[in-house]
Structures are given as C-alpha cells and as structure tokens.
Amino acid sequence: MDKARTARSAEYDDDASQVFGKLQDAEQARVDLLDTMAVRIQCLFRCNTARNLLLQRQHDYHQAILAKNERAKLMRELDQERQKARAKDQRARAKDEDAREQDETMQESANCFEKERGG
C-alpha cells in the first residue's frame, strides 16, 4: 500500500506540477497581453495627438485663408475709396481751373471795359 500511496503521491505531484506550469503560462500570457495593450494604448495616444495637431494645423490654415480673403476685401475697398477720392479731387481741380479761367476772363473784360471808358 505504501507503494500505491507513493505512486499516487507522485501522480499528484506530477499533476500539481503540470497545473502550476499551466498557471505560470497563463500568467505570462496575461503579462504579455497587458504589455500588448499598453503598447496599443500608447500608439492610440500618439495617433490621437497627431490627429489633434493635424486638426489644429488645418484650422490655422483655414483661419489664414479667411484672414487673407478679408485682407484682400479690405484692400479692394481701400482701392475703391482711393479711386473715389482721386475722382473727387480731379473734379475739384477742374472746378478750380474753371473758376480761375472765369476770374481771368472777368478780369480781362474789366480791363477792356476800363480801357474803353478811359480811352
């Protein structure tokens, strides 16, 4: 019976050793899975960071385009205002020139009238 007990004990030890080995394998698989998950999480974080940076750059680019368009619009408006001012200035110069010519004509007429009266 001692031999039977020893044989059973050896079987139990062998079974326990196999179970312990499987537990160690399972624990190693769990650690490997956690490592893989950690790497995936880091990759997702990096991808999300890169995506956010890209979105920010796109936003900045669109803001720059809007600013450029607004600047172009303001420059066109300024150009129109300059053209209006130039036209107004030209009209004022033409009026001044007409007034000067009228003054000269009136002065000449007055001089002629004085010469005829005095003469």
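## Arg93 and Asp89

Arg93 is exposed, at 55% relative accessibility. This is a predicted model. Arg93 forms a salt bridge with Asp89, at 3.1 Å from N to O. Asp89 is partly exposed, with a relative accessibility of 35%.

Both residues belong to helix α1. Arg93 and Asp89 sit four residues apart, about one turn of the helix.

## Lys84 and Glu81

Helix α1 covers residues 2-118. Lys84 and Glu81 lie in this helix, three residues apart, so about one helical turn separates them. Their side chains meet in a salt bridge, with an N to O distance of 3.8 Å. The cut-off is 4 Å, so this pair counts as a salt bridge.

Lys84 is exposed, at 52% relative accessible area. Glu81 is partly exposed, at 46%.

## Arg100 and Glu97

Arg100 and Glu97 are also salt-bridged, at 2.8 Å from N to O. The two residues are three apart in helix α1, about one turn.

Arg100 is partly exposed, with 44% relative accessibility. Glu97 is partly exposed too, at 36%.

## Whole structure

How many salt bridges does a search of the whole structure find? The count is four. Among them are Lys84 with Glu81, Arg93 with Asp89, and Arg100 with Glu97. Oppositely charged side chains can pair when their charged atoms come close.

Key. Residues are numbered from 1 along each chain as its sequence is written. This is a predicted model: local features need pLDDT of at least 70, side-chain atom pairs count only at pLDDT 80 or more; totals for chains, interfaces and linings use all residues. Side-chain values use heavy atoms; hydrogens and water are left out. Buried means under 20% relative accessible area, exposed over 50%, partly exposed in between (1.4 Å probe, protein chains only).
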